Amino acid sequence: MKKKEEIMAYIFLLPAGVIILVFHIFPTFYSWYMSLFNWDIILNVKKFIGLKNYFYLFSDAEFWKSLFNTFYFAIGTIPTSIVISLIIAICLNSKIRGLSFYRTIYFLPVITSMNAVAMVWLYIYHPDVGILNYLLSIFNISPQKWLLDPVWAMPAVILMSIWKNLGYNIIIFLVGLQSIPKEYYEAAEIDGASGIKIFRYITLPLIMPVVFFIALVSLINSFHTFTQVYMLTKDGGPLKSTSVIVYYLYENAFVFQKMGYACAISVVVFIIIFSLTLIQHKLWGEKIHYGV
Amino acid sequence: MKKFLIYFILTVGAILMMGPFLWMVISSFKSQSEVLMMPPKWIPSTLNFKNYSEAWTSAPFARYFLNSIFVTIANTILSVITSALAGYAFAIFRFKGKDLLFLLFLGTMMIPMEVTLIPNYFILKNLGWLDTFFALIVPWSASVFGIFLMRQFFKSLPKELFESASIDGCTHWQILWKIVFPISKPVFISVGLFSMIGSWNAFLWPLIMTSSEAMRTIPVGLSTFTSEFGTRFHLMMAAATFTTVPIIIVYLFAQKYFVEGIATGGMK
């Protein structure tokens, strides 16, 4: 009986287990192994070089630039997005009419495909015929070249990304706000506390764990960022100003075909994301986020 | 006064969120010269429906849609099945190495897809699967997150349910599909929905694993369309509209599940 149960268990685990082993676990280790090779498809070489790829990475200005750009993206998106989404979530949580209507609209960009909306933003950001420059001209702000300008390309990608993911943060904040016991607010109102005081002494401390959660999840997602960069700024933007780390990985592997070097980059991505996810699991235990 | 401020913030925010979508739909009906006008024309002089037919035929969008629909359905069904089976095994069965194996599965959630990209390219190449549906479907037919959700849900079901069914002579297959499945619809929908969204929107994977036009999914098709028609904005907006609107309609009907799914998936 016991034996039969064990066999059944392994049969049930088999389909998922095989896929996870073959396409997720094995490739991870294989990537580490490949990072030790000078493997260039175009030059048709595959030679063991030990840790040399990592030494090259250390002195590769473009690699550091891509790492810097990734942090720039993270710092540009995360605090702004958290502040805006918290304000919207608090508004939505204040017993208003049409809650589901507003929620639907704020969530809309989240469910649409990044590729399709990026096409719209390409039009919006167009230096000559884009609506953004027109709207700014009403306020006497001089037109910019946005995605074609090394200074403005990244802020443009950041703005679009905030718009795209705002709804996700709003939903998470709403769940957090709704879990704050009503008695706290009632007690505060009886004591005659003002709205700002209620926010400062009740809402903010109790929502802080959610803020940290969103910050960490967004930081992890920054290291996955690729699609909007690829769609909005082909070739990593003017002067590589939007080349984030996953883009640099993609470029080395599938444009320059330097597979060994690209694997070394992927190991760096792995180490960063793995550590961040470990922190997330340490802090929130089994409450696990599904990355996109 | 306070209420007024709240509605003001929410409405301004909603307009900003909707803005790009409205602009997309409006511009999709403009003529080629109207989309290039400055100051912009707010309302097109005539509704140019032919933008849609022109965009639809300037790239094989029918094929892209079929590919995306097929891959998404296959991925969703397969990953729900494999997740239910594995989740059931971890929740109900007792077997050697269970905790260790579960930990190993959970550990793979920390593996970013990007690190497996290059080895997987060569694995699929050696299997002869590059540029086939196998490359798009098989590797994503299991989801650790799905297994985790299923296990949590099955564990919360009363033990007596399984025991009495066992005594009645039901096999585990029968218990899973005839007893557990009907009362576990929410978790099946959650797992299915996550797989569906992930599969429908996947970009980097199909971009690399497919090369022929006939194998492109919608996101990849839109990206090549953008490089070819980048400045013909009336066609760009038409393509963006007809790929986005079906999703918006599905969302409006199933939004309860979307929002709940995100909420439970993000933070329990």
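This is a predicted model: local features need pLDDT of at least 70, side-chain atom pairs count only at pLDDT 80 or more; totals for chains, interfaces and linings use all residues.
Local features need pLDDT of at least 70 and side-chain atom pairs count only at pLDDT 80 or more, while totals for chains, interfaces and linings use all residues. Residues are numbered from 1 along each chain as its sequence is written, and chains are lettered from A, with ligands numbered from 1, in the order in which they are written.

**View 1. Helix 7 (residues 144-155) of chain B packs with helix 10 (residues 185-201) of chain B.** Helices here are DSSP runs of H or I with at least four residues, and strands are runs of E with at least two, numbered from the N terminus. The angle is about 170° and the axes are 10 Å apart; axes are lines fitted to C-alpha atoms, for helices over the stretch in contact, and angles run from 0 to 180 degrees between N-to-C directions. The two helices are therefore roughly antiparallel, a label for angles over 145 degrees. Residues making the contact include F145(B) and F153(B) of helix 7 and V187(B) and F194(B) of helix 10; contact requires C-beta atoms, placed from the backbone, within 7 Å.

**View 2. Chain B meets chain A with 80 residues from chain B and 76 residues from chain A.** Look for helix 13 (233-266) of chain B, which gives the most to the chain B side, with 16 residues.

**View 3. Strand 1 (residues 37-40) of chain A runs antiparallel to strand 2 (residues 45-48) of chain A.** Four bridges join them, and pairing takes at least two DSSP bridges. N38(A) has K47(A) as its bridge partner. Between the strands lie four residues, and N44(A) of this hairpin takes a positive phi near 55°.

Methods. Angles under 35 degrees count as roughly parallel, over 145 as roughly antiparallel, 65 to 115 as roughly perpendicular and the rest as oblique. Two residues are in contact if their C-beta atoms, placed from the backbone, lie within 7 Å.
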